[in-house]
Amino acid sequence: MHFTYCPDCGQKTVPRQMGDDGAVPYCEGCKKPLFDMFSTCVLSVVKNPAGQLALIRQSYGQQETFVGVAGYMKPGETAEEAALREITEEIGIAAKNLRFLFSAWHEKRGQLMLCFCAETDSTVFSLSDEVSEARWFPPADACRAVRSGSIIERVVHASIS
Ligand SMILES: [Zn+2]
């Protein structure tokens with residue numbers, strides 16, 4: 001989000017040079033810069049003891065390919081806490097050994113994705129209303145179940161390598 005108006009006082013912002021950052025929207029009323037904002041999401045793949053990967057279909061999403069467990073971070077949370085919370089909320093699984101893989105910019109949504117893989121001892125899903133289906137995939141099948149060229153495809157590859 002690029003701030004044309006100050007979200008606190010409603011005044012129109014003016015561009016101000018801020019060192020290395022270049023021109024940044026500035027509120028002269030509140031005397032503060034308003035840097036562009038974007039959402040940060042966590043995206044995870046969970047591995048079971050057999051080495052299978054959990055992928056899901058979202059109730060509100062496209063149904064052709066599978067995706068990872070993802071969600072928005074909440075204020076006050078670490079990315080690790082958010083990743084574990086989303087896994088529990090969406091597929092009802094207690095995950096452990098969370099490992100950060102990489103971050104990726106989701107161009108279409110304008111979001112920063114923080115990508116993880118985790119492990120679990122349990123294999124039984126308990127789905128939230130947001131999830132229409134969850135399935136364990138052997139690694140090779142997981143690669144084929146996700147959209148080619150997507151961030152989740154990179155997460156799957158990084159999780160099994
Ligand atoms: Zn202001």
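1. Which element gives the largest share of the lining of the largest pocket? That would be E6, with 3 residues. Elements here are DSSP runs numbered from the N terminus: helices (H or I) of at least four residues, strands (E) of at least two.

2. A quick word on what you're looking at. This is a predicted model, where local features need pLDDT of at least 70 and side-chain atom pairs 80 or more, while totals for chains, interfaces and linings use all residues. Numbering starts from 1 along each chain, and side-chain values use heavy atoms, leaving out hydrogens and water.

3. Back to the pocket: its volume is about 700 Å³, the space filled by probe spheres set on grid points joined across faces, edges and corners. A pocket is an open set of points on a 1 Å grid where a 1.4 Å probe fits, with protein on both sides within 12 Å along at least five of seven lines; lining residues have an atom within 4 Å of a point. Of the 29 lining residues, Gln-58, Val-67, His-106, Arg-109 and Met-113 are the closest to the pocket's centre.

4. Now the overall build. The protein has 3 helices and 9 strands. Its radius of gyration (over C-alpha atoms) is 19 Å, well over the 15 Å from the globule rule for 161 residues, so it is more spread out than a compact globule. That rule is 2.2 Å times the number of residues to the power 0.38. The C-alpha trace spans about 60 × 30 × 25 Å along its principal axes.

5. As for domains, an automatic or database assignment gives domain 1 (1–37) and domain 2 (39–160). Their C-alpha centres are 35 Å apart.
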